[in-house]
Amino acid sequence: MAKTKATDILSLIEAEHRQVEQLFAEIEKAKKGKLHEHFNQIYKALNLHARAEELVFYPAMREYDETEEYVEEAEQEHEEVSVLLEEIKALQPTDSQFQEKLSELKEAVQHHVEEEESEIFSAVRECMDEQQLTELGQEFQKAKAKLEPDIEAALTR
Ligand SMILES: [Fe+2]
Ligand SMILES: [Fe+2]
């Protein structure tokens with residue numbers, strides 16, 4: 001097999017965190033008529049990211065004492081984000097709650113991202129080597145490709 005540039009899972013996760021921040025910055029500047037479209041992008045990106053972490057990253061973290069302790073809280077935070085995403089999805093951008101819930105979502109995501117990139121990433125680096133992180137990166141990409149059709153479908157419901 002040809003050698004392609006392998007990327008470790010932490011770099012992939014970090015890059016997606018930056019993309020999501022970008023999406024939040026864009027929806028804040030968006031015109032009213034475009035809010036729905038922008039929200040759909042956030043919905044898709046966050047769901048793909050969180051589900052892939054739950055399938056690949058968090059199970060790997062459960063393998064080590066140093067990282068296992070972070071999984072439960074991280075999953076709870078994902079659940080909080082999921083609930084908010086579904087609540088916002090059920091609203092019209094013109095609903096008074098839309099902006100409020102969107103701010104709540106942004107805050108919840110920010111908090112979770114900070115936790116992952118500080119405590120969680122450094123604990124992970126203590127127990128997983130570069131090779132494992134690269135393999136997990138490949139699994140992460142595969143998981144996302146598999147999840148994508150379902151998440152797209154959820155958007156049209
Ligand atoms: Fe996460
Ligand atoms: Fe994340």
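## Helix H2 against helix H3

H2 crosses H3 in a left-handed sense, a crossing being left-handed if the near helix is turned anticlockwise from the far one by less than a right angle, and right-handed if clockwise. The axes of H2 (residues 35-61) and H3 (residues 65-89) come within 10 Å and cross at roughly 160 degrees, where axes are lines fitted to C-alpha atoms, for helices over the stretch in contact, and angles run from 0 to 180 degrees between N-to-C directions. H2 is therefore roughly antiparallel to H3, since angles under 35 degrees count as roughly parallel, over 145 as roughly antiparallel, 65 to 115 as roughly perpendicular and the rest as oblique.

Residues making this contact include Phe 39, Tyr 43, Leu 46 and Ala 50 of H2, together with Val 71, Ala 74, Val 81 and Leu 85 of H3; two residues are in contact if their C-beta atoms, placed from the backbone, lie within 7 Å. The residues of the contact of H2 with H3 comprise twelve nonpolar, three polar and four charged, with Ala, Val, Leu, Ile, Met, Phe, Trp, Tyr, Cys and Pro counted as nonpolar, Asp, Glu, Lys and Arg as charged, and the others, Gly among them, as polar.

## Basis of the model

This is a predicted model, in which local features need pLDDT of at least 70 and side-chain atom pairs count only at pLDDT 80 or more, while totals for chains, interfaces and linings use all residues. Residues are numbered from 1 along each chain as its sequence is written, and chains are lettered from A and ligands numbered from 1 in the order in which they are written.

## Helix H2 against helix H5

H2 also packs against H5 (residues 130-155), the two axes coming within 8 Å and crossing at roughly 140 degrees, which makes H2 oblique to H5. The crossing of H2 over H5 is right-handed. Among the residues in this contact are Tyr 43, Leu 48, Leu 55 and Phe 57 of H2 and Leu 136, Phe 140, Leu 147 and Ile 151 of H5, and the contact as a whole divides into 13 nonpolar, two polar and five charged residues.

## Helix H1 against helix H4

H1 (residues 9-29) and H4 pack at an angle of about 165 degrees, their axes lying 11 Å apart, and the two are therefore roughly antiparallel to each other. H1 passes H4 in a left-handed crossing. Contributors to the contact include Leu 10, Ile 13, Val 20 and Phe 24 of H1 and Val 109, Val 113, Phe 121 and Val 124 of H4, within a set of eight nonpolar, one polar and four charged residues.

## Overall form

The protein chain has five helices and zero strands, helices (H or I, at least four residues) and strands (E, at least two) being DSSP runs numbered from the N terminus. Its C-alpha trace spans about 50 × 35 × 25 Å along the principal axes. Residues 24 or more positions apart account for 72% of the contacts in the chain with a separation of 6 or more.

Cys 127 lies in H4 (residues 96-127) and, leaving aside its neighbours within four places in sequence, is in contact with Tyr 64, Glu 66 and Thr 67. Cys 127 and Tyr 64 are 63 residues apart in sequence, yet 7.1 Å apart in space, C-alpha to C-alpha.

Gln 99 is also placed in H4, and is 64 residues from Leu 35 in sequence and 10.0 Å from Leu 35 in space, C-alpha to C-alpha.
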